[in-house]
Each structure stands twice: as C-alpha cells, then as structure tokens.
Amino acid sequence: MPLVRNEAEIATAARGGSEARTWPGAENLHVSLQNVRMAYGERSVLKALSCGFSRGRISVILGGSGSGKSTILRLIGGLIHPQAGAVVVDGQDVTRLSERGLFGVRRKLGMLFQGGALLDSYTVFDNLALPLREQTRMSPGEIADQVHGILKEVGVTDADDLLPGQLSGGMLRRVALARALIRKPVILLCDEPFSGLDPVSIKRIEALLVGINQQYGITMIVVSHHIPSTMRMADRVLLLLANRAVEGPPERLREGADREVAEFLNEGQ
Amino acid sequence: MANAIAQLGNRSLHVVRGLGNMAAFAASIGLAVVTPPVRPEAFVRELYKLGVLSLVIIVVCGLSVGMVLGLQGYHTLERFGAEQSLGALVGLSLIRELGPVVTALLVTGRAGSATTAEIGSMVATEQLDGLRMLSIDPVRLVVSPKALAMIVVMPLLTAIFIVCGLYGGYLVGVGLMGGDPGLYMASIRTSVDFYNDVEACLLKAGVFGVLVGLIATYRGYTSAPNAEGVSAATTSTVVMGSVVVLLADYVLTALWGV
Amino acid sequence: MNRSPVRDLVVGLFVLAGIVALAYLSISIGGFTWHNHGGLKVYADFSETGDLTVRAPVVIGGVRVGEVSAITLEKDFRARVDMILDSALQLSTDTSASIVTAGMLGDRYIELQPGGEERNLKSGDKILYTEPAMILERLLGQVIYGITKGSDTQPSPSSGPKTKSGGP
C-alpha cells in the first residue's frame, strides 16, 4: 500500500498521529535500559541511565553532540556492551548474549544508520536482497517481489542497478530504510535520519516513518537533533542533558517548568 | 624506573592480547571458510582484485630480478670460470628464496594494503555494523573470501614470478652474454630438485599467503573507524606484513633443513 | 554483486597461467613424476655410504630405476640402505650395488650391476654384493702413503673390492 506523499497529507498525518496516541504504561515497554553505565576508555558517556521505550510508539532521543544518543542505539543493537547495567530488548537482556544469540535478537530489529551503511560495492537490489538470500530459502522471483515491494513503499523506483554512491542523500536514506525494514522487524532504530537533508526531504522521511509506524505498529526509537520534526512526530522524548536525562511527551517538556529542557526544545524553532 | 618497567609490562600484555585476538580472528576465518554456504562469486572477485591486478607488477619485477641475477651472477661466475652454472644460480636463487619472498613482499604492498584499506573503510562507514544488524557475520561475507583468495593467489603469483625470473636470467645469460641456451636450461634442471627446492618454495608461498592474508584482513577489521585509522591500519599491514614474511622465511628455511 | 563474465574469464586465465607455471617448475625443472616407484623393495649393507642421501637415484646402466628410501645404522655399525625400485624390475640374486659419485665432486647415487643367476630378488630381499663409497681424502691419503713409502708398498687395507656382506 503506497504511503502518503503530498504536502497537505504529510502535515495531516503527522498531526493526526500525535494526538491519537495515548501515553504508555510501564508494562508496555518494548525496550528498556536499566542502570546502564557506558564509557569509551576514559570518557564516560552514560552514567546510570534508566529509561524505557514503549511498544508501538515513536520515541525520539535528543541531546547535544557527544551526549550518548547514538550510543544508546548501539547498545540496543548489541553492537557495544555497557560496563554496567542491563539492556532489555523484547524481554531479553542483550548484554548477556553471545554473538550468535544476538543474531537471533537482531531479527526483530532494523537499524537505519546515519550514512545508510549500505554495501558500496553492491547494487541497490543486491543490498536489499542480501539478507533474504542469506537467511531464507525464497526463490529469486519471491526475493525480487519482496525487494521491489519494499522499495515501492519507501518511494524508490528504477534504482535496482544503481550503486549507493550514485544515489542522492534522500534516496540513499530511503533505500537504507527499506533495507532496515526488509526483514519485517518489530523495532526500528534510526540514527539521525534527518541529518544532511533539505527541508523537503526531511518532511518526506518524517511522513514515511510516521506512516510506517501507523501502518505496521513498529516501535521506533529515533536519534535526532532536528527539533521541529521531533515535536511533530514523537510520542515521547528522551532528552540527554549534561548530568541528567529527562523523559516525557514533547509538548509537556517544552512547556514545562524545567528551564534547561524548555530552552533546548525551543532552540530549534 | 618502576614506571618504565610497568610501561614495559603494559606494552607486553598489549602485544600478547593483540596476538590472542589475531589468533581468534584466524580461527573464525578458518571456520567460515570450511562451513557452508560457499560463496564462489565473492571468491572469484577477490581472486581478480588480489591476483589479476597484481600480475603486472609481478611480471615486471620477476623479469627485472631475473635479469639482475643473470647479470650479477654471470660476472661473479666468470671469475671462477663457471659461467655454465648460471642457470643453476638463477634458478636456485629464485626458487629457494627470491621467488616466494619478493612475491610476498610485492603482494603485501599492493594487494595487502588494498585489502586493509577496503575493509577499514567499510568499518569507518558502518557497513560491517550494518551487516551485523542484519544478522550477517561480516567475517563470513567480507573477510573470508579475501583471506582465502590471498592464500590461493600467493603460490600462483610466486610461480609466475619465478618463470619470469628464469626468462630474465635467460635474456641476460644467453641473449646478452652469449651463453648457450641449452646449457642454461640444463644447468637449471640438474640443480633444481622438486622435493628439496620446488616443494619448499610452494610451502613458503602458502605460509606467506596465510600470514599476509591474516594480517591484511585483521588490520582492516580492527582499524579505528575514521580516515586516520584506516590510513594507519594500511601502513601497519605493509610494515608488519613485510617483517613477518621475512622472519617466517628464516624460520621455514631453517626448519626445512636447506 | 556485479557479475561479469569477462572478469570471470580473466580470473580463469590467471589461475590457469599460475597452475601452468607451477607445473612447469615442478615437472620440467624439478623432475617431479607421478610414476610410483613402489613395488620392489630391497636393501643392502655398506661399510661406507659417503654423503649418500635419502631419495638419491638408483641407476642401472645410466637409467634411473628407483630411489633410496632410508639409510640407517645396523647393529654391526654398517649402513643399511633401503631402496624402492620399479616393480617390473627383475634383478638376479647376485646383483651388486655400488655407491658412485656423479663426477668428482658431485652427488652420490647407487649403481646396480645385474648378475647371472636364474633366481630373482623379491621385495624384502637383501643385495649381497656391495661396493662402498669412495672417500676422496682416503684415496689421496693412500696415494701419498704409497708414494712416500716407496715402490715396495702394499696398499693399506682401509678399502677393498667387492666384499660379501653378512649372509643371505
């Protein structure tokens, strides 16, 4: 089913989505960090972070550079291990899993990297077909159908034989998003999906993410530094400040009594 | 003083840990190579990148080394009136030592550094992390075809180097110095024995292939994820690879009892 | 993954070139043969082997018929040389074996001289008639000894012609 694409529909979908959601309860946490301490050598990034991300909601992680936003995504994906604490993904503590165990958990995850992280010597088609070829027994025809299907959903056509280096920034992001979704994950992690894009592309990607969340109920954890889109699409915001983390619905945080938080959220306007 | 000793201890532990990591890495490559699924397309692509693209440098250097051996050898042998042994001199030098060692050094510099740079840049652009998030083992998909190709390519390139070297010696000894062509070839044939010489040469080439393949891929895989890190890793491959090849050459020569 | 039939062909040619080079070095230059010299296994005792090595050729009339497979020391301190020869070879039981040098300073090898007996050697048999290796220094020593001693010198008993070693 094609997703909305024209300007008016984008605006409606975004606004309409945020108002319709309810605030999640603790028992609905799909992913949570419990007392996590993460340091790179001498440099401590997360001190004793506990937070949760609700099932089916869009959560946005905000913070200054070096505050540990991308670190949280990498911890959830099991790409790095914390010095202390637990990272629970759909009921499993990924800090305790071996690489093989992690491969299992990652089936439920899709990650959209900041630079796309597509294999630069493979075509767009081969990049998307790779996990299907490696891990399923689908026939070439079935694989082609699934690849073309997901590409159509993200609005990319006629790019099968292009190499990632030949794609524009927005298109690259969308292809990378398609790859993140091709295994039908239940949790989508996005690392700065809007960075380096022009305002039109930003709105497009935002509408895409919101649409996917509404259609498939995928839990989304998005790291971003773009305040306007955050205010529009987030159900909850996790703001990482110098010595503390603040969590809550975006509007309430912006209008709240905490001055530092309000300032941060107003900076982008 | 105590601080310096502590530093030394720290450094040594660091080196040992590094060796341990490399051994574990080698084991995972070995496992990836022998377990299915097999990836012929990736392997063939690597054979092209590592082998075919190294042909020019191997042929040119092989010819040059052979010609120099011919020239130097002829002048030296002339003093003892032993010009007819030129073939033996060129052949044995190439087959026992120069063939495997010089080939390995050239391959380390060209193909080894290219491999490190390629894997390193994949680390820097998060491509390997991307694969991990798709539950695909990057060692299996990216690293093992490269390592395996290096092992296969080394003996092949060594043989081509040696044949070019023999021809280079021929060009000088027969073409330039006017020696007898039949004598040149006969001299090689009588002095070179398969079991003592050619077998040793192949063994060396194989071992060098394993070592260089391991070092090049490991350095790329563990490089820091930025441009500086990739550059440092590439340099390290060439330096470490060259040193290890020469050390291994000594060990193998001594063990083979030549 | 970009498949390119041209590239596959080039890779194939490269591998072929490498294998041909390897084969040329091994066979044409190195003298590698698949020819299995397995079959007739005989041995002989020598009082002196010189620097005969394992895998040295065994020759009859200039033609290579096998190789030395092992050299060990017997209890009576003679050297036992084991040989593997062509299985089709028929050697009489009074065949003799001598250790010969290729040229003055060359490698040692074994030369077999077939005899006239009707019965032939079987695998595991011993060659009874042997001639030990000639050590150049001893030969020179003899010559010098002979010269300095004068005309009525007898050759020193350090080496002699065909000696019958042990029993059958």
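Of the 258 residues in chain B, 45% count as buried, where buried is taken as 20 or more other C-beta atoms within 10 Å of a residue's own, with C-beta atoms placed from the backbone. This is a predicted model, so keep in mind that local features need pLDDT of at least 70 and side-chain atom pairs count only at pLDDT 80 or more, while totals for chains, interfaces and linings use all residues. Residues are numbered from 1 along each chain as its sequence is written, and chains are lettered from A and ligands numbered from 1 in the order in which they are written.

Chain B has 9 helices and 0 strands, counting DSSP runs numbered from the N terminus (H or I of at least four residues for helices, E of at least two for strands). Read from the N terminus, that gives α-α-α-α-α-α-α-α-α. The C-alpha atoms of chain B fill a box of roughly 65 × 55 × 30 Å along the principal axes. Take the contacts in chain B between residues at least 6 apart in sequence: 87% of them join residues at least 24 apart. A contact here has the two C-beta atoms, placed from the backbone, within 7 Å.

Now look at helix 8 and helix 9 of chain B. Two packed helices are described by the angle between their axes and the distance between the axes. Helix 8 of chain B and helix 9 (residues 227-256) of chain B pack at about 155 degrees, with axes 9 Å apart; axes are lines fitted to C-alpha atoms, for helices over the stretch in contact, and angles run from 0 to 180 degrees between N-to-C directions. That makes helix 8 of chain B roughly antiparallel to helix 9 of chain B, a label for angles over 145 degrees. Among the residues that meet are L203(B), F208(B) and R219(B) from helix 8 of chain B, and M240(B), D249(B) and W256(B) from helix 9 of chain B. By class, the residues of this contact divide into 15 nonpolar, 4 polar and 3 charged (Ala, Val, Leu, Ile, Met, Phe, Trp, Tyr, Cys and Pro are nonpolar, Asp, Glu, Lys and Arg charged, and the others, Gly among them, polar).

Next comes the neighbour, chain C. Here 24 residues of chain B are in contact with 20 residues of chain C. Helices 2 (40-50), 4 (86-124), 6 (138-176), 7 (181-191) and 8 (194-221) of chain B each give two or more residues to this side. The largest share, 7 residues, comes from helix 6 of chain B. The side of chain B that touches chain C has 18 nonpolar, 2 polar and 4 charged residues.

Definitions and conventions: Angles under 35 degrees count as roughly parallel, over 145 as roughly antiparallel, 65 to 115 as roughly perpendicular and the rest as oblique. A residue is buried if 20 or more other C-beta atoms lie within 10 Å of its own, exposed if 12 or fewer, and partly exposed in between; C-beta atoms are placed from the backbone.
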